[in-house]
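Here's a quick tour of a model, written for someone who likes to know the cut-offs behind the words. Have the viewer open as you read.

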Amino acid sequence: MGGLVTSTDSGLAVPDWPLSFGGFLPPMVGGIRFEHSHRVIASTVGLLTLILAIWTGMKEEKTKIRWLAIAALGAVVLQGILGGLTVLYRLPAPISVAHACLGPTFFSLVVSLATVSSPKWEVRRISSDQGSFHHFALITTLFIFLQVLLGAIVRHTGSWILVHIAWAFLLLIMIGRLVRKALVDFEDEKEILRSTFLLAFLVIIEFFLGLGAFAFTRLVDSSQARWSQVLIPTLHQTLGSLILAMGVVLALRSRRDLAQV
Amino acid sequence: MKQTKFYFSALMVVLGLIGVTMLFSVNSAKAVEGGTVLTGKAVFEGTPPAREKIRLDADPVCSMKFPEGLESEEIIVNPNGTLKNVFVYVKQGLEGQKFEAPKEPVVFDQNGCHYTPHVFGIQVNQPLEIRNSDETLHNVHALPKANQEFNLGMPLKGMKLTKTFNSPETMVKFKCEVHPWMAAYAGVIDHPFFAVTGDDGTFQLQGLPPGEYVVEAWHEKYGAQTATVKVPDTGEVSFTFKG
């Protein structure tokens, strides 16, 4: 939803915060449809994360998982504050970029929480000397995060596009190497192989979506945002979040296997 | 932003190459009581582009008012081959002179989900009265660089706000993020010698003291052009220049 807000340039359609035009339910017209829906969904996510944190605190025995839930709660609260500040200060680039990066980070935290609290997480897995794969998956995930950051800079400042494109090529090479390592180190581990292949597939789709976003937003001149100019960059941004979360999950899974050797 | 400007500039170069040009001509400068009347027009050369159709279905109030939609005001070529909404002002030649800002406000209205006027001039410290004449809500977002940016909600019909700009600036963009097709531009000038071309593409700068001036004409799509004009004590001056 945040991606749609940016793509439709609706970020300031509701000029006040935390209220919307002084109330809770402004008429859902024009850009307000995107901005206010974003606020409503964000509030719901915040509430659900609060419930999740309380639930985890009460039911979960592992301290690390409890801390993970608290981190997710902290992230969603901070995300809400950044969202408010970006409206009140009329889209200052550093805050908008931070807001755009914290969203995928929060998503990754929640996905990690779901992964490590899953009953399947307890199942002992067969593993071998896969330490270098885990480290490489971790570095790749860090590089994915930096790409999310670069994408946010491009979206909110219009600059650094060439760095973003160069980084995309670098990531393609890294993902290629990750796939090769997975085939060598985890040839019998279907779960890791499947996750790595899926990650590679999504990165390739993301690459082409990025090219599409570049073409439609930079090369097409239009006074009105066309759906292609809205949907493709939004899909590009959303898939970026998913890829980051998948990278985190892959790094976690390969580490778990190590720990249980 | 720099990238966007780059591609925009590239597009302008391409359009220029295919023969779309704005010619800004100053026809005459006549001495009148209290100064000179400088007249001219913005001529459009090339094939007039079709005005882009704007769909208003994002807001039922707008679409009810204009069921057929609106036409973009970015490029309006008048039937006589001139260009509408060109902002013309004296850029240089009045330095050191002080001109008091008028007390009466410039009215800037949101009516029918578009801004009226689309391009206008205002003096530094002159009140700008922003109105909402629509049954729907707008946010009016001014994006100046030298002045204070503002983004204000105007949820009710009949609502009025007054703002001023403290520094000269050409041009200040206004937009409404509720209705993303809405855009307008203001030239904030520290003297009264400015005008906007209308349905006949002409302009008049009245009461200009004799002297040498740099006059600039600005259009939102075709950019700015300048010319040096010598305004005599009496008589007329006529010249044309291309951009």
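Let's start with Asp9(A), which is partly exposed at a relative accessible area of 33% (buried is under 20%, exposed over 50%, partly exposed in between, with a 1.4 Å probe and protein chains only). You'll find Asp9(A) in the loop between α1 (2–7) and α2 (32–59) of chain A; helices here are DSSP runs of H or I with at least four residues, strands are E runs of at least two, and both are numbered from the N terminus. Its phi is near 55 degrees, a positive value in a residue other than glycine. Most residues other than glycine have a negative phi, and most peptide bonds are trans.

Arg90(A) also has a phi near 55 degrees, again positive without being a glycine. This one sits in the loop between α3 and α4 of chain A, and with a relative accessible area of 24%, Arg90(A) is partly exposed.

## What the numbers rest on

This is a predicted model, so local features need pLDDT of at least 70 and side-chain atom pairs count only at pLDDT 80 or more, while totals for chains, interfaces and linings use all residues. Residues are numbered from 1 along each chain as its sequence is written, chains are lettered from A and ligands numbered from 1 in the order in which they are written, and side-chain values use heavy atoms, leaving out hydrogens and water.

## Helix packing in chain A

Two packed helices are described by the angle between their axes and the distance between the axes. For α2(A) and α3(A), the angle is about 160 degrees and the axes are 9 Å apart (axes are lines fitted to C-alpha atoms, for helices over the stretch in contact, and angles run from 0 to 180 degrees between N-to-C directions). That makes α2(A) roughly antiparallel to α3(A); the label applies over 145 degrees, with under 35 roughly parallel, 65 to 115 roughly perpendicular and the rest oblique. By class, the contact of α2(A) with α3(A) has 9 nonpolar, 4 polar and 3 charged residues (Ala, Val, Leu, Ile, Met, Phe, Trp, Tyr, Cys and Pro are nonpolar, Asp, Glu, Lys and Arg charged, and the others, Gly among them, polar).

How do α3 (residues 63–88) and α4 (residues 93–116) of chain A pack? Their angle is about 160 degrees, with axes 9 Å apart, so α3(A) and α4(A) are roughly antiparallel too. Their contact has 18 nonpolar and 7 polar residues, but no charged ones.

## A buried histidine

His164(A) belongs to helix α6 (residues 161–185) of chain A. Its relative accessibility is 12%, so His164(A) counts as buried. Leaving aside residues up to four places away in sequence, His164(A) touches Gln147(A), Leu150(A), Gly151(A), Val154(A) and His236(A), where contact means heavy atoms within 4.5 Å.

Chain B has 2 helices and 19 strands, and buried residues make up 48% of its 243 residues. Among its contacts between residues at least 6 apart in sequence, 61% join residues at least 24 apart.

Where are the cis peptide bonds? One joins Thr116(B) and Pro117(B), with omega about -5 degrees; Pro117(B) lies in the loop between β7 (115–116) and β8 (119–123) of chain B. Another joins Thr170(B) and Met171(B), also with omega about -5 degrees, and Met171(B) is in strand β13 (residues 169–175) of chain B.
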